[in-house]
Amino acid sequence: MMATGLRYLPDVVTLQLDPAKCNGCKLCVEVCPHAVFAVESKVARIVDRDACMECGACARNCEPGALTVDSGVGCASAIIYGALTKSEPICGCDNTNSDCCG
Amino acid sequence: MMSISDDSKLPLAVDECCQPATTTVCCGGGGALAVHPQNRTWVCGNQSTSAGSVPKIATQLTWQDRIEHWKVRWNSGRMRYAIAPGLYAVGNPTSESPVFVSANFKMSFDRLREALDGLDGWILVLDTKGINVWCAAGKGTFGTEEIVKRIAATRLPEIISHRKLILPQLGAPGVAAHEVKRLSGFTVRYGPIRAGDIQAFLKDTLKATPEMRQVHFPLRDRLVLVPVEIVQWGTWGLLIVAVLGLLSGFGAGIYSVERALFHSVRAATPILGGILAGAILIPWLLPWLPGRAFASKGGWAGAIWLVLLGLIVLLNPHLMPGWADSTAWLLLIPAIASFVGMNFTGASTYTSLSGVRKEMRVAVPIQVGAMITGLGFWIAGRFA
């Protein structure tokens, strides 16, 4: 669990899991920084959906393609920049802090 | 410049102190990115390998390294803080030693080499344009393609006998382990999030505990962000205050410097106050500020600052501003702090793109409305 109080908005994330495609490799459990998944009886399960930050690590490393997520940076500056330049929200990271995007 | 690097196009056994290379930053600005300073005090020798000589690096940070870290925290010289991509040696590595992959942001690299103290191994530094691992992974510069390319460029397969890479877990958003395997034959193992857990990870036969796999956002990690928040937003704040002050100098017939200065100070209270409230109180009090939306947390940080200002005015009644200025404060301070808070989502470790979009749809119209109205009252206060 995150430190007290550090939970983001509920019911917003785009994470989807198709258990039928899962091969039980557990890589999603390994790469997720927020303990969203558990693998039981060789099938992955979403145990803490609202903790997902849509970083996309699980989907990118899911070889059978059981996971999908509309991934991106949860960064207001990036969204503003993207809106102003009519492009995808990409974190600049040039003028912000070293932990920008995390 | 690295001895072994496709960027260098130099003989393998070239001397360490060669000219600094430059590469281009793809993100923002697009200015030149000088590869890390000329005198690389952290290179402590050379490791000969079957594919040539590789710089050997120190695992103890020097005071120069620490001063650099401090400067980066104050947003100074970030873009001059990249190191040359390529292969580096730690300790006395052999062909059996583990290979750790890192970004070419010097602070990421420093964390790793410090954590490897006492071990023998290799560090494969990717070209992430001077950006830290997690951020670069989000952009894809810390990614499958760059890993495959860097393996070939450093002739890694000739130097080591195994085919395993240890990556920081936070590199995973940019890397598909199965693709790296398919394209290069190398197996990717995701190590712990924090470099400090690497030794435990290695001892436990490359297993990270669930705790090592989770990102947190403790007070310490939040407070180191305060300086950069102050510098980044304060610069904007000072600019706005200066412009408002300068414009206030214009008056009936004559430009008054005295009036410009007076109104600069008047503008500083709500604007710089709102910014400071956002930059300091939000990172500090994040878990306790009400609401999950960062715009809400920011608004509350502004409210706390307003209460403090209220107390100051109560104790010093002669400081009480006029009705128009008071209203401007009430609107501007929470609105600005809310905006600063909303933008702190990018520095946090747990906000999602969908969530930030959702809060922005509600918060931005309110923030803009309050800022415009507040500015209107501030201008009215000029004539009150």
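Modeller: Helices (H or I, at least four residues) and strands (E, at least two) are DSSP runs, numbered from the N terminus. This is a predicted model, in which local features need a pLDDT of at least 70 and side-chain atom pairs count only at pLDDT 80 or more, while totals for chains, interfaces and linings use all residues. Residues are numbered from 1 along each chain as its sequence is written, and chains are lettered from A and ligands numbered from 1 in the order in which they are written.

Colleague: How many helices and strands are there in chain A?

Modeller: Read along the sequence, the elements of chain A follow the pattern β-α-β-β-α-β-α. Counted by type, chain A has 3 helices and 4 strands.

Colleague: In the hairpin of strand 2 and strand 3 of chain A, which residue takes a positive phi?

Modeller: Strand 2 (residues 37-40) and strand 3 (residues 43-46) of chain A run antiparallel and are joined by 4 bridges, where pairing requires that DSSP finds at least two bridges between the strands. Within this pairing, A:Ala38 has A:Arg45 of strand 3 as its bridge partner. The hairpin leaves 2 residues between the strands, and the residue with a positive phi, near 50 degrees, is A:Ser41.

Colleague: What percentage of the residues of chain A count as buried?

Modeller: A residue is buried if 20 or more other C-beta atoms lie within 10 Å of its own, exposed if 12 or fewer, and partly exposed in between, with C-beta atoms placed from the backbone. By that criterion, the buried share of the 102 residues of chain A is 51%.

Colleague: Which residues have the most contacts inside the largest nonpolar core?

Modeller: A nonpolar core is a set of buried Ala, Val, Leu, Ile, Met, Phe, Trp, Tyr and Cys residues joined through C-beta atoms within 7 Å. The largest such core has 82 residues, and those with the most contacts inside it are A:Cys28, A:Cys58, B:Val101, B:Leu124 and B:Val175. Its largest share, 5 residues, comes from helix 3 (residues 133-139) of chain B. Apart from it lies another core, of 47 residues, among them A:Val73, B:Val228, B:Ala279 and B:Ala293, but the residues you asked for, in the largest core, are A:Cys28, A:Cys58, B:Val101, B:Leu124 and B:Val175.

Colleague: With which residues is A:Cys58 in contact, leaving aside its neighbours within four places in sequence?

Modeller: Two residues are in contact if their C-beta atoms, placed from the backbone, lie within 7 Å. On that basis, the partners of A:Cys58 are A:Cys28, A:Val31, A:Cys32, A:Phe37 and A:Leu67.

Colleague: What distance separates the centres of domain 1 and domain 2 of chain B?

Modeller: Chain B, with 13 helices and 9 strands, is assigned domain 1 (22-203) and domain 2 (219-383); such bounds come from an automatic or database domain assignment. Taken over C-alpha atoms, the separation between the two centres is 40 Å.

Colleague: Which hand does the β-α-β unit of strand 8, helix 6 and strand 9 of chain B have?

Modeller: Strand 8 (residues 164-167) and strand 9 (residues 187-190) of chain B pair in the parallel sense over 4 bridges, with B:Leu167 opposite B:Tyr190. A crossover is right-handed if, with the strands pointing away from the viewer, the path from the first strand over the helix to the second runs clockwise. The unit that these strands make with helix 6 (residues 177-184) is right-handed.

Colleague: Why is helix 2 of chain B largely enclosed, and how many of its residues are buried?

Modeller: The buried residues of helix 2 (residues 106-115) of chain B include B:Phe109 and B:Leu112, and also B:Lys106, B:Asp110, B:Arg111 and B:Arg113. The helix is largely enclosed by the rest of the structure because the buried count is 8 of the 10 residues.

Colleague: Is B:Arg66 buried or exposed?

Modeller: B:Arg66 is found in helix 1 (residues 63-73) of chain B, and its C-alpha atom is separated by 9.7 Å from that of B:Asp110, 44 residues apart along the chain. With 11 other C-beta atoms within 10 Å, B:Arg66 is exposed.

Colleague: Over which residues of chain B is the pLDDT below 50?

Modeller: pLDDT is the predictor's confidence in each residue, from 0 to 100. Chain B averages 86, and 89% of the residues score at least 70, while the model scores ipTM 0.88 and pTM 0.84. The stretch below 50, which has 83 contacts in the model beyond near neighbours in sequence, is residues 1-38.
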